[in-house]
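Trainee: I'd like to get to know this model piece by piece. Can we go through it together?

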Amino acid sequence: MFASERLSLAERYADLLATEGVVRGLIGPREAPRLWERHLLNSAVLAEAIAEGSSICDIGTGAGLPGLVIAIARPDVRITLVEPLLRRTTFLEEVVANLGLDHVSVVRGRADDLHGRQTFDVVTSRAVAPLERLLGWSMPLVAPEGALVAMKGRSVREEIEAARSFLRTWRCAEPEVLEVGLDVVSPPTTVVRVSWADPSRIGWPLAREGRRRSPRHDRRAARER
């Protein structure tokens, strides 16, 4: 999953996760011995579903999964890591500087802070929320020809059924369920891909007009500072 010239970067990132990531509470101590199989390779295979030269927004990136891993594996893409917690964005900025990832930017905030301001070819996430909620955070960031590409568990088809009414209202195309990394990780990584049904008629008003912050949003953001 990593070209020879990129493997050392992946190893340095793994070391930072296993040391500073654990100390700062970004990765559980029990996860450190199994970072490669459960986190790094599991995230890296997502690159199979991303076209060359894409702009990517990784929402709720946490310690950089999957966004930083994709950035290490794919120097051809441009990645924005979005995370609301200061201790996490501080770690992310340190890793980006340490590894010299000049095609990566870190934004401290929530996905909806970018609504109406930016769009991307691909919006990624890993274990952030059920699809019904994930659509609300991700689709306003998806460019007309772009897609939400989220890592999901085995219950992804149930999530799709639960989100049917939202998919119709917002004019999304039928979600695709993909398995990536078939020859790399076991079990393979399950991915759901959601694009616009008609790129010329984006169904979500927030994608064009942005989102007004609610008092609840502001209170929630204040608690995380």
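Trainee: How many nonpolar, polar and charged residues are in the lining of the largest pocket?

Mentor: Quick background: this is a predicted model, where local features need pLDDT of at least 70 and side-chain atom pairs count only at pLDDT 80 or more, while totals for chains, interfaces and linings use all residues. Residues are numbered from 1 along each chain as its sequence is written, and side-chain values use heavy atoms, with hydrogens and water left out. For the classes, Ala, Val, Leu, Ile, Met, Phe, Trp, Tyr, Cys and Pro count as nonpolar, Asp, Glu, Lys and Arg as charged, and the others, Gly among them, as polar. On that basis the lining splits into 11 nonpolar, 5 polar and 7 charged residues.

Trainee: Which residues lie nearest the centre of the largest pocket?

Mentor: A pocket is an open set of points on a 1 Å grid over the protein atoms alone, where a 1.4 Å probe fits, with protein on both sides within 12 Å along at least five of seven lines; lining residues have an atom within 4 Å of a point. The volume here, the space filled by probe spheres set on the points, is about 460 Å³. Out of 23 lining residues, the ones nearest the centre are Gly 60, Thr 61, Gly 62, Glu 83 and Arg 88.

Trainee: Which element gives the largest share of the lining of the second largest pocket?

Mentor: That pocket holds about 390 Å³ of space, and of its 19 lining residues the closest to the centre are Arg 38, Asn 42, Arg 126, Met 151 and Lys 152. Elements giving two or more residues are α2, β5 (142-152) and β7 (189-195); helices (H or I, at least four residues) and strands (E, at least two) are DSSP runs, numbered from the N terminus. The largest share, 5 residues, comes from α2.

Trainee: Is α1 parallel, antiparallel, perpendicular or oblique to α2?

Mentor: Helix α1 (residues 4-23) and helix α2 (residues 35-44) have axes 12 Å apart, at an angle of about 125 degrees. Axes are lines fitted to C-alpha atoms, for helices over the stretch in contact, and angles run from 0 to 180 degrees between N-to-C directions. Angles under 35 degrees count as roughly parallel, over 145 as roughly antiparallel, 65 to 115 as roughly perpendicular and the rest as oblique. So α1 and α2 are oblique.

Trainee: Which residues of α4 make the contact with α1?

Mentor: The axes of α1 and helix α4 (residues 86-99) come within 11 Å and cross at roughly 150 degrees, so this pair is roughly antiparallel. Contact means heavy atoms within 4.5 Å. On the α1 side, the residues include Leu 9, Arg 12 and Tyr 13, and on the α4 side they are Phe 91, Val 95, Asn 98 and Leu 99.

Trainee: Where is Pro 187 found?

Mentor: Most residues other than glycine have a negative phi, and most peptide bonds are trans. Yet the bond from Ser 186 to Pro 187 is cis, with omega near 0 degrees. Pro 187 sits in the loop between β6 (176-180) and β7.

Trainee: And which bond is cis with omega near 5 degrees?

Mentor: Look at the loop between β1 (55-59) and α3 (67-73), where Pro 66 lies. The cis bond runs from Leu 65 to Pro 66.

Trainee: What is the phi of Ala 127?

Mentor: Find Ala 127 in the loop between β4 (120-126) and α5 (131-138). Although Ala 127 is not a glycine, its phi is positive, at about 55 degrees.
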